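Reader: I would like to learn how to read strand pairing and aromatic contacts in a model. Could we go through the features one at a time?

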Amino acid sequence: MKKLSLLLAFAIVTSASVWAQASHPAAKKPTAAVKPAPPAPIASPTFQPGTVTGSFTVNGKKAIFKYVYAFLQAGSFDSDRDNVYVILSDAPVTEAMLAEEFGLSKQAGDGKLHAIRVEFNEKMQPGMGDLYHDGFKEMSAMSSQGTHDFVPSSYDGKSLAGKLSAKPQKSDEDRWEYSATFTAPINPKLKSMAKQ
């Protein structure tokens, strides 16, 4: 009888313990908060790239174009008129880079970007161009006018397409050339544009 009472008491205690654990689960140990990685810098939704194929070679160092941007901005020689600018690049270009003084030059100097920026006149012909490449011997940025050729395939005021290129050039100790076939939407005028 004593044995039966002990077994019965053990069964009641075990059942109560199981019920308590089921009703009140053990508190979980706090886990360390994981900080999300900061988002990669991206262009504004209003500054959209197009599609491009081609390359830019300076002193034998070749960069493959992956991005093209077309946008409106005040003309270099007539600030009352907005001209179309085209940037060909092997890395993304953001509005923040263009708003920063010498933003593209700094990126090129660090080897993070190889690009060409060309201004088009009212007849949609290329004029002044800026070249950004760490392959140049003296500086990573230089300007060139009269060397850029453009063969348009379409232009309707909203987008621009064609082939933009420069035959092999020699300036001082540097040799360079580029060729790109692209289609790009013409983005609205940027709020801020600094000297590049």
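Author: Let us begin with strand S3 (residues 67-74), which pairs with S10 in the parallel sense over two bridges. Phe 71 stands opposite Asn 187 in S10. This is a predicted model, in which local features need pLDDT of at least 70 and side-chain atom pairs count only at pLDDT 80 or more, while totals for chains, interfaces and linings use all residues. Residues are numbered from 1 along each chain as its sequence is written, and side-chain values use heavy atoms, with hydrogens and water left out.

Reader: What makes two strands pair?

Author: Two strands pair if DSSP finds at least two bridges between them; the strands (E, at least two residues) and helices (H or I, at least four) are themselves DSSP runs, numbered from the N terminus. Here strand S1 (residues 51-58) runs antiparallel to strand S10 (residues 174-187), the two being joined by eight bridges, and Gly 54 stands opposite Ala 180 in S10.

Reader: How many bridges join strand S9 to S10?

Author: Eleven bridges join S9 (residues 159-171) to S10, again in the antiparallel sense, with Leu 160 standing opposite Ala 184 in S10. S9 and S10 form a hairpin with two residues between them, and Asp 172 in the turn has a positive phi of about 55°.

Reader: Is Glu 138 buried or exposed?

Author: Buried means under 20% relative accessible area and exposed over 50%, with partly exposed in between, using a 1.4 Å probe and protein chains only. Glu 138 counts as exposed because its relative accessibility is 68%, and this residue lies in the loop between strand S6 (126-132) and strand S7 (141-145). The C-alpha atoms of Glu 138 and Glu 173 are separated by 8.7 Å, although the two residues are 35 apart along the chain.

Reader: What describes a pair of aromatic rings?

Author: Such a pair is described by the distance of the centres and the angle of the planes. Rings of Phe, Tyr and Trp (its six-membered ring) pair if their centres lie within 6.5 Å, and planes under 30 degrees apart count as stacked, over 60 as edge-to-face and the rest as tilted. By this rule the count comes to eight aromatic pairs. The rings of Phe 47 and Tyr 69 are stacked, because their centres are 4.9 Å apart and their planes are at 5°. This pair links distant parts of the chain, with Phe 47 in the loop between helix H1 (2-23) and S1, and Tyr 69 in strand S3, 22 residues apart. Both Phe 47 and Tyr 69 are buried.
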